[in-house]
Amino acid sequence: MNYARFLTAVSAARKPSAIRMLTELQQRSPPTMISLAGGAPNPNTFPFLSASFRLKDGQTLNFDEALMKRALQIPELLTWMKILQKDLHNPPSPMDMCVTTGSQEGLCKVFEMLVNPGDNVLLDAPTYSGTLAALQPLGCNLINVSSDQHGMIPAALKEVLSRWDPSEVHKPGSTAPKILYTIPNGGNPTGASMTTQRKQEVYELARQYDMLIIEDDPYYFLQFDKPWAPTFLSMDVDGRILRNRLLL
């Protein structure tokens, strides 16, 4: 999938950091090598020798010194998080990942990467106040899509999108929305959760109009209905889902 049309001018001008290349080289280097280039600390200086965690089910997790050294380095954390996401959602398209200091920062970075002044952005009505606070300074047009107790209504989304011709969304000057933001589980402030059928319909409309879906899903593990509805990420066959969530 070509993401060029989604990026702001500032994001499109960014180049890969040379430090990232050094980090990759360091990961392939012998464990005896200590590199100061990428900002990775020498694990021998870490103050923690071991850790033990008691779980409510009676289990105990023990981290020895070697495992502690690995756990306190970012590459190990990223690898673990990527494995967790693949195990949970099994996305059909290739997946990449980045870590931020919190979900709000993640949202801000995504919006600044994708939203230009004057762009039309689709989102649930009502939606999270923190999302509105991040979007409003960007000078975009917020287009509300009606929702009910089951989240965003696909028919309402289809009606909003009917203002544009799907065959013309790639033409220069098109005002068709490029991103759709939604909280699919335990929507804030409504508490609504989208059904599998609705997610499938919304995803197909996103494909038809070539939009990205920002799946803001901090309450994924707080679902009460069984079985859990699949995530947008688990349906994503062409890499149009940007999933933002907390690891709780």
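Me: Which residue stands opposite I214 in β8?
Reply: L242 stands opposite I214 there. Mind that this is a predicted model, where local features need pLDDT of at least 70 and side-chain atom pairs 80 or more, while totals for chains, interfaces and linings use all residues. Residues are numbered from 1 along each chain as its sequence is written, and side-chain values use heavy atoms, without hydrogens or water.

Me: How many bridges join β7 to β8?
Reply: Four, and the two strands run parallel. β7 covers residues 212–216. Strands are DSSP runs of E, at least two residues; helices are runs of H or I, at least four; both are numbered from the N terminus. Two strands pair if DSSP finds at least two bridges between them.

Me: What is the strand order in the open sheet?
Reply: The order is β5-β4-β3-β6-β7-β8. That makes six strands, with mixed pairing.

Me: Which strands stand at the edges?
Reply: β5 (151–152) and β8. Each has a single partner strand, so one side of each has no neighbour in the sheet.

Me: Back to β3. How many of its six residues are buried?
Reply: Five of the six in β3, residues 120–125, so the strand is largely enclosed by the rest of the structure. Buried means under 20% relative accessible area, exposed over 50%, partly exposed in between (1.4 Å probe, protein chains only).

Me: How many bridges join β3 to β4?
Reply: Six, and β3 and β4 run parallel. β4 spans residues 141–148. The chain gets from β3 to β4 through helix α6, residues 129–135.

Me: And how do β3 and β6 pair?
Reply: In the parallel sense, over three bridges. β6 holds residues 179–182.

Me: New topic. How many cavities of 30 Å³ or more does the search find?
Reply: One in the whole structure. The space inside the largest cavity is about 110 Å³. A cavity is a set of points on a 1 Å grid over the protein atoms alone where a 1.4 Å probe fits but cannot get out. Volume is the space filled by probe spheres on points joined across faces, edges and corners.

Me: Which residues lie nearest the centre of the largest cavity?
Reply: D124, P126, I183, G187 and T190, out of 17 lining residues. A lining residue has an atom within 4 Å of a point. β4 and β5 are the elements that give two or more residues to that lining.

Me: What volume has the second largest pocket?
Reply: About 380 Å³. A pocket is an open set of points with protein on both sides within 12 Å along at least five of seven lines. Its lining residues include F53, F63, M68, R70, E76 and W80. The elements giving two or more residues to this lining are β1 (51–54), α3 (65–71) and α4 (74–89).

Me: R240 next. Buried or exposed?
Reply: Buried, at 5% relative accessibility. R240 lies in the loop between α9 (232–235) and β8 (241–244). Its side chain reaches the backbone oxygen of M211 at 2.7 Å.

Me: Last one. Where does F221 lie?
Reply: In the loop between β7 and α9. F221 is partly exposed, with a relative accessible area of 36%.

Me: How far apart are F221 and A125 in space?
Reply: 23 Å, C-alpha to C-alpha, and F221 and A125 are 96 residues apart in sequence.

Definitions and conventions: Right-handed = clockwise from strand over helix to strand, strands pointing away. Polar contact = N/O pair within 3.5 Å; in protein donor to acceptor, adjacent residues only side chain to side chain.
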